[in-house]
Amino acid sequence: MAISLKFTLKGQELEEGLIVRHNSKPYLRFLKILIFMSIVISLFIFLLFFLISNSGIPAIAKKIVLKGLLIGSGFALLSYPILGHKAMISVMDKVATFLKDPVLIQIEESGFSYKNAVRKSKIEWSSIEKVLESKNIFLIIHRVKGYYTLPKRIFTDENFPEFQQILAANHIQIEKIQKSKLFSI
C-alpha cells in the first residue's frame with residue numbers, strides 16, 4: 001500500500017501550518033508572549049517616565065498620550081497572534097521561496113518520503129510525534145526534524161482512507177485542532 005502525492009503549498013496553507021505548529025508547542029507560545037509583552041511594557045514604562053519627568057508638557061497632553069499608550073498597548077497585545085504570523089509569512093515569501101516549489105510525497109506503511117527543490121527526507125512513522133488536522137491541512141510533526149505540511153486538497157476519497165489506515169497501523173491518531181485554538185496566542 002503506497003500513496004504518491006504531488007502538490008505546491010498555497011500561502012494560506014503555509015500560514016496555517018505555522019500557526020498550528022506554533023500552537024502545538026505551549027512553550028513557544030509562552031516564550032513569544034513573554035518577549036512581546038516585555039517589549040510593550042518597556043515602551044510603556046519609558047513613555048510613562050518621559051511624561052512624568054518632562055514637566056513642560058501640559059497635564060491634558062500627558063493624559064491624552066497616556067490614554068493613547070494604553071489603547072495602543074492593548075491593541076498590540078490583542079492583534080499579536082494574527083499580525084505576528086502575517087509578518088512571518090511575508091518574510092518567508094521573500095527568503096524561503098523554495099516553500100512554494102512543488103513537493104512530491106510518497107506515503108508507505110513504514111514511513112514517507114518528502115522531496116522538494118532543497119529538501120529530501122525519508123521519515124519512519126516511529127519518529128513521528130503526532131499528526132494534527134486543521135481546516136485545510138494535516139501537519140505531521142517529527143520528534144526532531146520539524147514538521148511537514150500536507151494540504152487536505154491533495155487527498156481523494158480513495159487515498160484518504162488508505163492514509164488513515166497507514167497512520168492507524170503505526171499507532172498514530174489524527175488530532176483535530178478546533179478553530180478557537182487555531183488563532184490563540
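First, some ground rules. This is a predicted model, where local features need pLDDT of at least 70 and side-chain atom pairs count only at pLDDT 80 or more, while totals for chains, interfaces and linings use all residues. Residues are numbered from 1 along each chain as its sequence is written, and side-chain values use heavy atoms, with hydrogens and water left out.

Now the overall picture. The protein has 5 helices and 8 strands; helices here are DSSP runs of H or I with at least four residues, strands are runs of E with at least two, and both are numbered from the N terminus. Of the 185 residues, 35% are buried. Buried means under 20% relative accessible area, exposed means over 50%, and partly exposed is in between, using a 1.4 Å probe and protein chains only.

Let's go to the salt bridges, of which the structure holds 4. One of them joins the side chains of Glu13 and Arg153, at 2.6 Å from N to O. Glu13 sits in helix 1 and Arg153 in the loop between strand 7 and helix 4, so this pair ties together parts that are 140 residues apart in sequence. Glu13 is buried, at 6% relative accessibility, whereas Arg153 is partly exposed at 41%.

What else is buried in helix 1? Besides Glu13, the buried residues include Leu14, Leu18 and Val20.

Lys152 meets Glu133 at 2.7 Å, N to O, and Glu133 meets Lys176 at 4.0 Å, N to O. Glu133 is buried at 11% relative accessibility, Lys152 is partly exposed at 25%, and Lys176 is exposed at 58%.

Finally, the nonpolar side. A nonpolar core is a set of buried Ala, Val, Leu, Ile, Met, Phe, Trp, Tyr and Cys residues joined through side-chain atoms within 4.5 Å. The largest one has 25 residues, and Ile107, Phe112, Trp125, Leu150 and Phe163 touch the most other members. A second, separate core of 5 residues includes Val20, Leu132, Ile137 and Ile141. Val20 brings us back to helix 1, where Val20 is among the buried residues.
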